[in-house]
Amino acid sequence: MKVQKFGGSSVANAENIEKVINIVSGDDAKGKRVLVFSALKGTTDALIKAGRLAEIADDGYLEIVSEIEQNHRNAIRELFPDIVPSELDDFIDAAIAELESVYEGVRRVQELSGRTLDKLLSFGELAMSRIISEKLNSLGIKNEWLDSREVLLTDSNFGFAAVDRERTYPAIAERILNAKADLFVAPGFIGRSSKGATTTLGRGGSDYTAALFAAATDADVLEIWTDVSGMMTADPRFVRKVRHIPQINYREAMELSHFGAKVIYPPTIQPVMSKGIPMWIKNTFDPESHGTLIETEAGSDGEMIRGITSIDNIAVLSLEGSGMVGIPGFSRRLFDALSRARINVILITQSSSEHSICVAVDERDAETARSVVDLEFENEIKVGKIEPLDVQTGSSILALVGDNMRAHTGVSGRMFMTLAYNGINIRAIAQGSSERNISAIISSRDVRKAVNALHEEFFSDGKKQVNLYIAGAGTVGRKLLEQIASQADILSEKMNLNLRVIGLANSRRCLLSETGLELDTVTERLAEGEETDIHKFTDTIGERNLRNSVFIDLSASPDVVETYSKLLENSVAVIACNKIACSSELARYKKLKWLAREYNANFHFETNVGAGLPIISTLSDLIQSGDSVHRIEAVLSGTLNYVFNNYDGSRPFADIVRQAQDEGYTEPDPRLDLSGTDVARKILILAREAGYDMEIEEVENTPFLPESCLQGSVEDFYTEMLRNEDHFRRLYEEARSEGLSLKYIAVLSDGKAKVGLQKIGPEHNFANLSGKDNAVLFYTSRYSDQPLVIKGAGAGADVTAAGVFADIIKAARS
């Protein structure tokens with residue numbers, strides 16, 4: 001004995017119906033079979049819409065009824081190209097005539113009762129099952145069409161009727177098992193009340209119909225044929241690399257279907273579970289696919305989690321007040337009030353203090369719930385014992401499901417840590433004593449990100465997808481993209497990281513792609529992008545709300561810095577090559593650091609000082625490990641070191657500076673380097689990271705450039721340096737005559753900072769710094785006699801990009 005149910009997508013048109021016919025005719029199972037069918041796809045919604053129009057006397061319902069008729073007649077003509085069986089033609093004629101009559105009655109009285117709507121909705125399943133029955137007969141596959149209303153007996157709760165199984169099961173068994181026919185075709189979704197009225201079993205009720213037929217006949221198997229190959233570990237609309245679930249037990253399937261898995265209508269499972277009948281989810285469009293087998297006990301695939309699912313459009317109801325503590329009956333009264341209003345409670349959680357109780361309901365019931373609960377507790381609210389019911393909409397329930405969770409510790413910890421890392425706030429938590437389900441209520445805007453993040457945590461091959469948004473596509477930006485592309489395989493194999501560049505912007509144009517930009521062509525394509533609005537660009541990061549999002553600022557723009565706060569508040573990691581944020585007002589620096597802690601977001605800016613050298617991270621390690629910094633001496637400008645290492649008076653000083661700029665060592669405006677402003681910013685950042693509250697004005701800056709060089713444009717700057725060549729040669733000659741060399745040095749000592757050009761001897765720690773090297777000496781409580789020294793290239797696109805890349809990896813792995 002086998003029962004097979006085919007859903008709306010399986011019978012959406014004649015072509016799909018032919019696939020169903022092939023499945024049915026090709027099944028060589030012995031014994032009796034029952035085929036249960038849903039309506040032609042879209043029919044139920046159209047019938048409801050027509051009813052609503054008729055209720056307000058809008059003749060638009062006539063067009064919809066005509067379209068419904070045409071859709072069915074088109075399918076019939078394609079299925080019966082030679083001649084349509086007269087019985088089928090008569091049936092459709094009568095059914096359409098009855099539809100038109102009922103709709104006309106609704107239009108006249110302008111009332112659409114639940115009873116009348118159920119009568120209208122029965123058309124879809126009745127018509128489709130009759131069409132397929134006649135098609136099978138025309139192919140020589142003898143069958144008996146069975147009107148489910150004859151055997152499915154229900155109460156009169158129209159729209160969601162409860163089946164009287166004590167009467168229904170014997171009626172089905174007698175009708176099926178004692179009949180001569182071996183194949184039955186029946187409509188799903190519909191039943192009959194004790195008074196003979198047509199009822200419906202709720203949307204998705206055709207699955208339930210099939211389960212009732214299976215349970216009543218003690219079938220060997222129930223097959224649910226749909227448009228997907230079984231159940232998945234998550235909603236494939238959210239997760240691209242979703243996994244197929246080959247086997248699952250009834251309990252897990254019931255949890256997943258209750259909490260939003262769309263493949264099965266939740267009430268379907270109970271009838272077959274009570275009889276131990278296996279249920280197979282199969283794909284009409286890929287019948288050879290294994291599908292998902294649901295049975296009493298399923299083999300373990302080694303995963304602790306079987307699936308992740310969610311329910312949207314949830315309202316959270318919170319009842320709280322000091323008058324609830326220690327007083328029995330509050331919970332009962334709350335649930336009684338909701339029950340009387342026919343409001344289903346989806347999730348419950350209560351604090352141990354008994355001060356509050358929280359339940360989740362369908363968002364459509366929110367205002368009704370508010371009214372009935374406030375009425376129930378009217379007296380307590382008046383005297384201040386409890387607060388009026390608090391209702392929060394825009395929520396979703398997220399659930400982890402799996403029997404194996406019981407055998408593993410730390411599952412909930414991993415779940416909540418993953419959500420926290422992605423900045424997803426949890427409004428309420430519930431876990432049953434069976435430890436089969438952990439549920440959390442979150443904002444609906446976070447569902448996609450949450451499901452992806454949890455799926456990555458529990459089901460991925462260990463690889464973490466990181467979504468990058470880059471502002472700045474100049475020399476450093478291009479180098480960074482090259483490094484990301486060249487290291488992609490190594491990152492995947494050795495570090496389980498998959499970096500995707502989702503957005504790229506320069507000051508003029510930007511590109512965005514949720515599936516990732518092609519790195520080998522993205523810089524060329526950037527010219528074709530949209531006009532850049534940096535605030536709109538960064539707002540998109542929050543709107544897309546992708547997991548593991550990282551924003552990288554390679555610009556020198558104060559406008560970009562303005563976006564950091566909002567990004568961190570959205571738990572988006574910020575990697576700043578731009579020094580403005582950390583060297584501007586102390587209050588801003590502290591706020592950004594606080595936001596990063598408060599919203600569990602990474603905020604890294606290693607390349608603010610020393611390009612790719614691990615200066616800031618080393619300083620952070622010293623402080624965090626309990627060391628104290630007493631003094632810092634540093635050469636922090638690769639530009640200035642390069643310039644003074646290469647200037648010997650044989651070439652104009654301006655030519656050496658321009659060469660440094662051409663080789664990518666300087667800031668976009670080289671005056672920032674040569675005025676000492678850039679070095680002052682860097683020592684300021686180190687001072688702040690060392691624990692000193694300091695503003696840029698407190699850094700003593702002794703300039704070596706004539707004031708005239710700082711006026712006008714960058715080209716004016718070069719022209720003025722040429723005019724002042726004697727000044728630069730004199731600085732060089734004075735140092736050389738004393739056997740000394742020139743270095744631009746920053747010093748932090750006793751909480752005070754200064755920067756300036758110094759003449760140093762050959763024994764000095766910085767004397768042998770070559771090219772564009774930087775060096776930092778940390779004198780600390782632990783490194784008091786011999787300083788901790790960090791030395792290396794402190795400028796250049798390659799090393800700066802490498803430093804940014806290292807920060808990205810640090811953020812990705814934290």
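**Exercise 1. Determine the strand order of the open sheet formed by 6 strands, and identify the strands at its edges.**

Solution. Step 1: the order is β26-β28-β27-β25-β29-β30, and the pairing is mixed. Two strands count as paired if DSSP finds at least two bridges between them; helices (H or I, at least four residues) and strands (E, at least two) are DSSP runs, numbered from the N terminus. Step 2: β26 (699-702) and β30 (788-793) each have a single partner strand, so one side of each is left without a neighbour in the sheet. Step 3: the twist from one strand to the next averages 20 degrees.

The model is predicted: local features require pLDDT of at least 70 and side-chain atom pairs count only at pLDDT 80 or more, whereas totals for chains, interfaces and linings use all residues. Residues are numbered from 1 along each chain as its sequence is written, and side-chain values use heavy atoms, with hydrogens and water left out.

**Exercise 2. Describe the pairing of β27 with β28, and state how α27 lies relative to β27.**

Solution. Step 1: strands β27 (residues 741-749) and β28 (residues 752-760) run antiparallel and are joined by 9 bridges. Step 2: within this pairing, lysine 743 stands opposite glutamine 758 of β28. Step 3: α27 lies across β25 (629-635), β26, β27 and β28, and runs at about 30 degrees to β27. Axes are lines fitted to C-alpha atoms, for helices over the stretch in contact, and angles run from 0 to 180 degrees between N-to-C directions.

**Exercise 3. Characterise the packing of α23 against α27.**

Solution. Step 1: two packed helices are described by the angle between their axes and the distance between the axes. Step 2: the axes of α23 (residues 615-624) and α27 (residues 677-689) come within 10 Å and cross at roughly 20 degrees. The two helices, α23 and α27, are therefore roughly parallel to each other (angles under 35 degrees count as roughly parallel, over 145 as roughly antiparallel, 65 to 115 as roughly perpendicular and the rest as oblique). Step 3: Ile615, Ile616, Leu619 and Ile623 of α23 make the contact with Ile685, Leu686 and Glu689 of α27, where contact means heavy atoms within 4.5 Å. Step 4: these residues comprise 6 nonpolar, no polar and 1 charged. Ala, Val, Leu, Ile, Met, Phe, Trp, Tyr, Cys and Pro count as nonpolar, Asp, Glu, Lys and Arg as charged, and the others, Gly among them, as polar.

**Exercise 4. Characterise the packing of α25 against α28.**

Solution. Step 1: α25 (residues 653-662) and α28 (residues 714-723) pack at about 145 degrees, with axes 8 Å apart. Step 2: Phe653, Ala654, Val657, Arg658 and Gln661 of α25 meet Glu715, Phe717, Tyr718, Met721 and Leu722 of α28. Step 3: the contact divides into 7 nonpolar, 1 polar and 2 charged residues.

**Exercise 5. How many residues of β12 are buried, and which strands does β12 bridge to?**

Solution. Step 1: of the 14 residues of β12 (residues 307-320), 11 are buried; buried means under 20% relative accessible area, exposed over 50%, partly exposed in between (1.4 Å probe, protein chains only). Step 2: β12 runs antiparallel to β15 (residues 390-401), with 9 bridges, and glycine 307 has valine 401 of β15 as its bridge partner. Step 3: β12 is also antiparallel to β14 (residues 356-362), with 7 bridges, and serine 318 stands opposite cysteine 358 of β14.

**Exercise 6. Is aspartate 807 buried or exposed?**

Solution. Step 1: aspartate 807 belongs to α30 (residues 797-813). Step 2: aspartate 807 has a relative accessible area of 2% and is buried. Step 3: leaving aside neighbours within four places in sequence, aspartate 807 contacts Ile575, His604, Phe605, Glu606 and Thr607.
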